[in-house]
Structures are given as C-alpha cells and as structure tokens.
Amino acid sequence: MSRSITKWLLSAAIMLLVVIFLVSCTEEETTDEDAEREEIIVLTMWDVSATAEEARVITPIIERWNTENPNVQIRREGFDNESYKIKIKTAIAANEAPDLFFSWGAGFSQPFVDAGKVLALDGYLSDEVKNNALDGVLTNSIYNGNIYALPYNMWFGVFYCNTELFEQYNIKLPDTYDELLHAVREFRKHGVGPIGVGVNDRWTAMFYHNILALRTAGADLCNDALNQRARFDEPEFLEAVQRLDELVKAGAFIDGHLGLGWDDMRELFKQGQIPMMFQGTWLTGELEMDDCPVKGKVVARKFPVIEGASGTGTEYLGGSVDVFMVSANTKHKNEAVRALEYICQFLSEDGFTEGIGLPVYKGGADLSQMDRLTVQASKLVEDSTGFVLAWDTFLVGADAQLHLNLVQEIFAGVLTPESFVEKMQNINE
Amino acid sequence: MDSVLRDKKAIIIFILPVLIIYIGIIVFPMFASVYYSTLSWDGIGEKTFVGINNYIALFFNGDPFNRAIVNSFLLALSSVFVQLPIALLLALMLAKGVRFESFYRTVYFIPVMLSSVVIGHLWKRIYHPTLGLLNELLSSIGLEAWTKAWLGDMSTAMVAVFIPIIWQWIGYHMLLMYAAAKAVPNEFREAAIVDGASEFKIATKVIIPLMKPVLKVCVILAVIGSFKAFDLIYVLTRGGPVYTTEVPSTMMINTIFHSYQYGYGSAMAIFIVIECLLFTLIIQKANRNKNITY
C-alpha cells in the first residue's frame with residue numbers, strides 16, 4: 001500500500017515539474033531588470049536593414065538617440081526584405097507588433113490602418129516635422145485624411161548603365177526605346193545578357209513593366225488607373241505590355257532570370273557582368289563603395305523614352321513610400337512618436353549623404369561630400385513632372401499579387417499581352 | 001514496469017500533460033482553421049462568413065492550386081518509387097553486414113539532421129546558372145550544351161527541386177528499414193542459405209516480406225511528407241518560376257501573407273489535412289492483411 005502511494009506521489013510530482021517547466025519556458029522574454037528598477041522605457045523597432053551594410057546609416061542614428069536619451073532606449077532588429085513582409089503581417093495580426101516598425105505606405109499598409117493597428121499620428125506630430133517635410137512626400141502616409149506614418153526617404157527608378165561595357169562593345173547609351181532594342185541586340189551578338197532582372201523576386205521584374213507603362217501612358221493615366229478612375233485595358237497599357245513582351249522575346253534579359261533573385265541580380269551587376277539595370281536609387285551608395293568592382297563606371301540615366309507615346313522622360317517611377325509607423329498598441333505613444341520623428345529626419349539626411357535614398361525633409365546635405373552617383377541621381381529628378389509608385393505598393397493584397405504574377409508570366413512567355421491587360425482590368429471592375 | 005503499463009490510471013497521468021499541450025497546439029488550431037476557412041478575412045480586420053465558397057474557389061477558379069496538387073502527387077510518386085527503393089537497397093546492404101557499417105549509417109543520416117534551409121541554400125549554390133557546381137561540372141567535362149538555369153527554367157525547375165527533397169530523407173527511411181531488416185532473426189537467413197538461396201532471393205523472399213509493417217509505415221510517411229512538403233521548395237524557388245514548383249503549402253503561405261486572404265489560405269490548409277488522412281486510410285486498407293509471420 002505504501003509503495004503505491006509513493007508511486008502516486010512521485011508521478012504527481014513529476015507531472016507538476018513538467019508542467020511548471022513548460023509554463024516557465026513559454027513566458028515572455030525577460031524584461032529588462034534595469035528598466036524596471038529605473039523606469040527606462042525600451043522601444044522595440046523592426047526594419048529591413050538585415051545586413052551591416054544596409055544598416056550602416058540607421059545604426060549610428062539609433063546609437064546617438066540612445067546616448068542622448070538614457071531614459072528611452074531603442075532596440076532595433078533588422079530582417080530580410082521578403083521574409084519581413086510575412087513577419088510584420090503576422091505580428092500585427094497577433095497584436096505583437098513592435099513599437100516602431102518599417103512599412104511601405106499606400107496599399108501595403110492599408111489593411112493595418114483599416115484594422116486600427118496603427119497609431120494615428122496627427123495629434124502627436126510636432127509642427128516642426130510637418131513643416132520640414134517636402135511637398136507631396138506625405139501623400140502615401142495619409143489614410144482617410146490622417147497621417148499614419150512618417151517617410152524617411154524618397155526613391156525613384158533610374159536606369160543604371162555600366163559605361164565600361166558599352167564602350168567595350170562600342171554601343172551607344174540608349175535614349176529611346178528603339179536605341180534600347182538595338183543595344184539589346186548588339187549585346188546579345190557578343191553573348192552578353194543585356195538587362196538585369198531577378199524574376200524570382202517578382203518586384204524587380206515589375207519595375208520594367210511599370211516604367212514602360214509610364215512611358216506609353218504617362219503618369220496621369222497610370223495614377224488614374226491605379227486609383228480606379230481609368231481602365232487597365234486602355235490601348236496605352238496594352239502597348240506597354242507588348243513592348244515588354246518584345247524585350248523578353250528579343251533576349252533582353254539576362255540568362256536564367258526566371259530563377260534569379262534580387263540579390264543575384266544586384267551582385268551580377270556589381271561584378272560588372274550586366275550592362276543595364278533599371279532599379280531604385282537605394283543602390284547608388286552601394287555601387288560607389290570602395291570595394292565595388294564597378295565603382296566609377298556606372299551612370300544613372302532616365303529610362304529610354306518611347307517616341308510618339310504619351311509619357312515623357314521627366315516622369316519617374318517612385319515616390320515616398322518607405323515609412324516607419326507606430327503600433328497602436330504601444331504603451332509609450334509620446335516617446336515613440338518623438339523617436340519616430342528623430343529617426344526619420346536623420347535617416348532622410350544621412351541616408352542621402354550615404355547614398356541609400358533621397359531626402360524628404362528640408363536639410364543641409366553637403367553635396368560635395370557625397371559620392372558621384374548619388375549626386376547624379378538626385379540631379380536627374382530635379383526636372384520631374386510626375387511620379388507613379390511601384391504598382392505593388394499602391395495596390396492592396398490580392399490585387400498586388402495578381403499584378404506581380406501576371407508580370408512574371410510575361411517574363412516566362414506564357415501569357416499574351418491581351419490576356420495581361422484583360423486580367424488587370426478585373427481589379428478595377 | 002509491466003504493472004505501470006497495465007495500470008490505466010498511471011497511463012492517463014503520464015500522458016495528460018503532453019495530451020493537453022497536443023490538443024492546445026495541434027488539435028484546437030485545426031478546428032479553428034476549419035472555422036477560418038468558412039470566412040472571407042484578411043487576417044487582421046473584419047470577418048465575413050462565406051460558407052464553402054472558399055473550397056469551391058479552390059478547385060474551380062482556375063487558380064494554380066490544381067497545378068500545386070498535381071505537383072504534390074508527383075512528389076509523392078517519386079518519393080515512393082525513387083526514394084524508398086534507394087533507401088531499401090542501402091538498408092539491406094548495411095543490414096547484411098559490411099565493413100564500417102556504423103560509419104555508413106551515420107553518413108547517410110546526416111542530410112536528415114541538417115536544417116532544410118541550410119540544404120536549400122546549399123543546393124541553390126549547386127544549381128546557380130553561372131557560378132553553380134553543377135554547371136561547372138558539366139562544362140569541365142565538355143557537356144556545356146547541357147548547362148542551364150536549373151531553377152529558372154520552367155521545364156527543369158520541378159525535377160531540380162525534387163532532387164534535394166528526395167536526397168534529404170533517404171537516410172531517414174533507410175534507418176527505419178535498417179532497423180526492421182536487422183530485426184529479422186538470423187536463423188531465417190542461415191536457413192535460406194542452407195537451402196541454396198542467392199542474396200537476391202534472400203532479400204526478396206525472406207527479409208522484405210518480414211519488413212512489411214515498417215515498409216508500410218515508410219510509404220505512409222513518404223506520401224504524407226510529400227503532400228506537406230514546404231521548406232525546401234520555399235527556399236529554392238518559392239513556388240516559381242510561374243507556378244511550376246508550386247505545392248499546396250507554398251500556395252497557402254502566399255495566399256495568407258501576400259494576398260491577405262486568411263480564409264482562403266485556411267481552406268487550403270484543411271484540404272491538405274484531409275488529403276493526408278485520406279491517403280493514410282487508403283494505404284492502410286491496401287496493406288491490411290498482408291503481415292507475414294513465420
């Protein structure tokens with residue numbers, strides 16, 4: 001009898017231990033003991049600067065803030081771009097979003113705002129920040145008349161050309177679409193893949209469609225269609241897809257592009273193996289770093305114009321859509337917004353100097369301290385008459401995915417331009 | 001020990017903690033998913049009840065989901081007819097007794113222990129069109145005409161993705177079969193040798209029939225694993241190029257997280273669960289009375 005009681009006690013004790021062990025293992029991460037003792041506020045922050053190179057601008061800014069504000073410490077975590085898209089959506093849905101987080105404005109964050117997960121900043125922002133913002137940069141941070149985010153840079157698409165490769169094969173830098181097609185054919189004759197793209201990361205392919213649509217239809221029609229005021233199957237849009245199809249069939253894009261990604265494309269270009277690439281201004285600083293093989297050889301140009309079409313060379317793909325937002329669930333609203341303003345303004349200015357983006361606040365960047373390519377790119381956009389955002393940041397959810405998939409199918413040669421515009425128009429029906 | 005095993009109360013007490021966790025982490029979310037699959041929901045906002053519309057859309061909307069299902073069936077077939085025979089061969093050879101038996105056992109099992117993400121990136125480097133090992137190898141032996149973008153070419157992507165998946169799990173099945181082959185009493189083997197059987201006959205007429213229960217388990221595991229396959233495919237191609245390597249689980253991730261369609265994605269998840277249950281039943285039924293004992 002006593003033996004079985006011992007057995008029972010033992011088993012009960014073991015079970016209890018197991019349950020306690022498991023419960024304690026799933027507790028929240030240990031809160032800062034220091035923080036509790038001295039009431040230091042810790043703000044968590046997520047962004048997409050995954051590598052030390054990408055984070056080279058934001059890290060010193062955060063360190064400066066932490067030194068100047070011993071009571072409010074920021075802890076940043078950087079993630080890879082594609083995985084971040086999944087991670088942030090999960091976190092927000094589970095109400096576990098960090099205090100400050102990176103996001104793309106316009107359509108991407110629409111569901112977050114609609115669900116009330118983002119802090120409306122109007123009552124918290126200082127007038128100074130609102131006045132410092134350049135014209136039009138807050139457009140994609142405003143939802144339903146309220147400001148929900150602060151942008152920290154502006155990007156636009158430039159046509160990067162490796163002048164060394166052009167000179168090597170004696171090909172003229174293209175200004176018009178016909179010259180582009182000619183250049184493509186010439187490069188192919190010499191066995192060089194002309195234009196870089198990484199279709200596995202569909203947005204890099206989408207850039208080519210978007211800029212061609214900008215050239216054939218013009219900024220106003222593009223923005224109208226995206227805002228559901230015009231149709232996606234207008235003849236101008238059909239022409240854009242037909243041109244893209246023409247480029248794909250002429251072998252304009254590097255071999256194996258269907259399986260390559262954003263990193264591959266970028267690396268190949270930096271190794272000097274690709275003559276042309278249409279990408280964002282976030283690359284300018286990287287392309288001029290000392291250890292980059294193509295340093296000094298790349299020029300930033302406007303994407304070729306299509307003669308006789310509605311679009312002009314002064315219209316650009318891009319805008320101010322890289323933003324930071326504050327979670328509606330944050331416990332320290334005032335501190336978070338102050339940190340937000342600090343980070344965004346300094347990122348804007350330092351980012352410009354370092355060549356990862358263009359400024360969105362009035363600042364005093366010294367152009368003479370900056371690398372050649374960033375200065376060139378920033379001067380390029382001075383004559384701009386119109387901007388269109390990348391379509392996958394403007395469109396929401398399933399619509400954006402549809403667009404990306406359709407572009408991918410054009411690159412794979414399994415879709416006709418007519419089908420493309422027909423399916424795109426379904427978005428606006 | 002026997003008295004513990006027979007004492008029903010003791011069994012319940014020992015199982016209870018894990019059972020609670022199991023129900024909480026696996027069973028309950030499954031029922032929650034069934035509920036979510038009847039909604040049109042973006043995951044963070046309002047929910048709208050739509051009944052079985054998601055399931056209808058799954059098959060009749062012309063989505064790539066049908067393609068994904070076909071791909072998962074092809075993976076299941078290649079698992080059963082390529083992976084398992086290789087594993088069986090290795091298991092039989094090792095069970096027979098070779099030099100360095102435990103060394104080979106460990107080596108074949110190493111891919112199973114490696115993280116799928118690590119394996120994915122490893123094979124990505126191998127398949128890379130310009131810098132990859134495979135193309136370099138082909139060029140160096142003069143077969144440059146055979147080089148291509150293995151993961152980028154729509155005609156080769158699927159096979160290219162299947163190879164690492166099959167490669168990774170050979171060791172796992174091999175180990176199960178090896179244990180089963182070793183469990184066959186040596187007397188049977190000796191008796192067969194005395195009767196003048198060749199190695200091949202011994203393998204096919206004596207060892208394999210006695211391994212049937214384990215073989216059945218391996219088939220079930222291979223099939224279900226193929227239906228659920230996700231990590232390697234996601235790392236290698238994310239379902240591309242243009243849906244050629246899409247499987248139900250990658251589609252589910254894209255639907256939920258990129259298209260903001262939680263309800264639709266949940267319908268896919270439930271479909272995978274039902275598919276796995278169905279095939280388990282089918283395989284069980286097909287092998288019901290075939291356990292051989294001597």
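# A helix pair in chain B, and the two chains around it

Helix α11(B) crosses helix α14(B) in a right-handed manner; a crossing is right-handed if the near helix is turned clockwise from the far one by less than a right angle, and left-handed if anticlockwise. Helices here are DSSP runs of H or I of at least four residues, strands are runs of E of at least two, and both are numbered from the N terminus. The model is predicted, so local features need pLDDT of at least 70 and side-chain atom pairs count only at pLDDT 80 or more, while totals for chains, interfaces and linings use all residues. Residues are numbered from 1 along each chain as its sequence is written, and chains are lettered from A and ligands numbered from 1 in the order in which they are written.

Two packed helices are described by the angle between their axes and the distance between the axes. For α11(B) and α14(B) the angle is about 160 degrees and the axes are 10 Å apart. The axes are lines fitted to C-alpha atoms over the stretch in contact, and angles run from 0 to 180 degrees between N-to-C directions. The angle makes α11(B) roughly antiparallel to α14(B), a label for angles over 145 degrees. Two residues are in contact if their C-beta atoms, placed from the backbone, lie within 7 Å. On the α11(B) side the contact includes Val219(B), Ile220(B) and Val223(B), and on the α14(B) side it includes Ile272(B), Cys276(B) and Phe279(B). By class, the contact has nine nonpolar residues, one polar and three charged. Here Ala, Val, Leu, Ile, Met, Phe, Trp, Tyr, Cys and Pro count as nonpolar, Asp, Glu, Lys and Arg as charged, and the others, Gly among them, as polar.

A residue is buried if 20 or more other C-beta atoms, placed from the backbone, lie within 10 Å of its own. Among the buried residues of α13(B) are Pro248(B), Met251(B), Ile256(B) and Phe257(B). After α13(B) comes Tyr260(B), with a positive phi near 60 degrees.

The contact between the chains takes 30 residues from chain A and 25 residues from chain B. On the chain A side, α1, α4, α5 and α16 each supply at least two residues. Helix α16(A) gives the most, with six residues. This side of chain A has 16 nonpolar, eight polar and six charged residues.

Chain A has 17 helices and 10 strands, and 47% of its 429 residues count as buried. Its domain assignment, which is automatic or from a database, gives domain 1 (34–155 + 319–372) and domain 2 (156–318 + 379–428). The C-alpha centres of these domains of chain A lie 28 Å apart. Their contact takes 19 residues from domain 1 and 17 residues from domain 2. Elements α5, β6 and β9 of chain A each supply at least two residues of the domain 1 side.

Chain B has 14 helices and two strands, and buried residues make up 35% of its 294 residues.

Terms used: Buried ≥ 20, exposed ≤ 12 C-beta atoms within 10 Å, placed from the backbone. Parallel < 35°, antiparallel > 145°, perpendicular 65-115°, else oblique.
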